[in-house]
Amino acid sequence: MAEPNPATWAAVVPDDTDFNTEIRDPLRWLLGHSSNPKPFLRTRGSAPTSLSNGGGSGAWTEIDLDTTDENRGFVTALPATIPVDGFYDVGAMIDVDVERSNKALRIRKNGTDTIAQDDRPGVGSPVPARITASTGNVPLVAGDVITIEGYNDAASGAIDALATGTWAPVLWIEYVATDN
């Protein structure tokens, strides 16, 4: 999205068209008016994803997201691909089915950059262990691909990132602004 070039109103008497272009239209974009909503995406997984244990030394596994619950302005939802440059709030959640291993959730940009992560210790965590991570305002560019991964270091075998209804696993992305 190009940087706006707002009117200075110097030596100009603004009319309805000027006000619509300079005030109403940008406000509709920011507030998500139905005729021009700001980008928002919510995707989730409909089946459990088996999280490998990496032979007991720990491993990250991409969580399968196969259902789009809401899509406003994303051309490609699976995988989630950022539609326009700007600042976004990105969040994710998974439920993991055991307490015996250390586990974590991370949000990745383009498969290489971790933009948010949350870890849970093995002993004493509830079952299912709900893990959430979010970025706050993070700069992203059009074409960035956002994925989520779960971590497991159980000594014996894989554990599952459960599909617990419509709330987990889930990824949501909301456009915030062109600048922070």
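Tutor: Buried means under 20% relative accessible area, and exposed means over 50%. Keep in mind that this is a predicted model. Lys38 has a relative accessible area of 15%, so Lys38 is buried.

Student: Which residue does Lys38 meet in a salt bridge?

Tutor: A salt bridge needs a side-chain nitrogen of Lys or Arg within 4 Å of a carboxyl oxygen of Asp or Glu. Here the partner of Lys38 is Glu174, with N and O 3.3 Å apart.

Student: Is Glu174 buried or partly exposed?

Tutor: Glu174 has 27% relative accessibility, so it counts as partly exposed.

Student: How many salt bridges are there by this rule?

Tutor: The count comes to 8. One of them joins Arg106 and Glu149, whose closest N and O atoms are 2.6 Å apart. This pair links distant parts of the chain, since Arg106 is in strand β7 and Glu149 in strand β10, 43 residues apart. Arg106 is buried at a relative accessible area of 14%, and Glu149 is buried at 11%. Asp118 and Arg120 also form a salt bridge, at 2.7 Å from N to O. Arg42, Arg44 and Asp69 are linked in a network of salt bridges.

Student: Which buried residue has no salt bridge?

Tutor: Asp144 is such a case: its nearest side chain of opposite charge, Lys109, is 4.4 Å away. The cut-off is 4 Å, so this pair does not count as a salt bridge. The side chain of Asp144 does reach the backbone nitrogen of Val141, at 3.0 Å.

Student: Where does Asp144 lie, and what is it in contact with?

Tutor: Asp144 is in the loop between β9 (129–140) and β10 (145–152). Leaving aside neighbours within four places in sequence, Asp144 is in contact with Ala80, Thr81, Ile82, Lys109 and Asn110.

Student: Which strands pair with β10?

Tutor: β7 pairs with β10 in the antiparallel sense over 7 bridges, and the bridge partner of Lys109 in β10 is Ile146. Strand β3 (residues 59–62) is also antiparallel to β10, over 4 bridges, with Trp60 opposite Tyr151. Strand β5 (residues 80–81) pairs with β10 in the antiparallel sense over 2 bridges. There, Ala80 stands opposite Ile146.

Student: Why is β10 largely enclosed by the rest of the structure?

Tutor: The answer is in the burial of its residues: 7 of the 8 residues of β10 are buried, so the strand is largely enclosed.

Student: What should I look for in a nonpolar core?

Tutor: In soluble globular proteins, nonpolar side chains tend to be buried together. In this model, the largest nonpolar core has 29 residues, and those with the most contacts inside it include Tyr88, Val90, Ile146, Ile148 and Leu171. β6 (86–96), β7 (103–109), β9, β10, β11 (159–162) and β12 (170–177) each supply at least two residues of this core. β6 gives the most, with 5 residues.

Student: What is Leu171 in contact with?

Tutor: Leaving aside neighbours within four places in sequence, the contacts of Leu171 include Leu41, Leu65, Ala80, Val90, Ile146 and Ile148.

Note on methods: Residues numbered from 1 in each chain as written. Predicted model: local features only at pLDDT ≥ 70, side-chain atom pairs only at ≥ 80, totals over all residues. Heavy atoms only, no water. Buried < 20%, exposed > 50% of the residue type's maximum accessible area, 1.4 Å probe, protein only. Lys, Arg positive; Asp, Glu negative; His and termini not counted. Polar contact = N/O pair within 3.5 Å; in protein donor to acceptor, adjacent residues only side chain to side chain. Contact = heavy atoms within 4.5 Å. Core = buried A, V, L, I, M, F, W, Y, C linked by side-chain atoms within 4.5 Å. Pairing = 2+ DSSP bridges.
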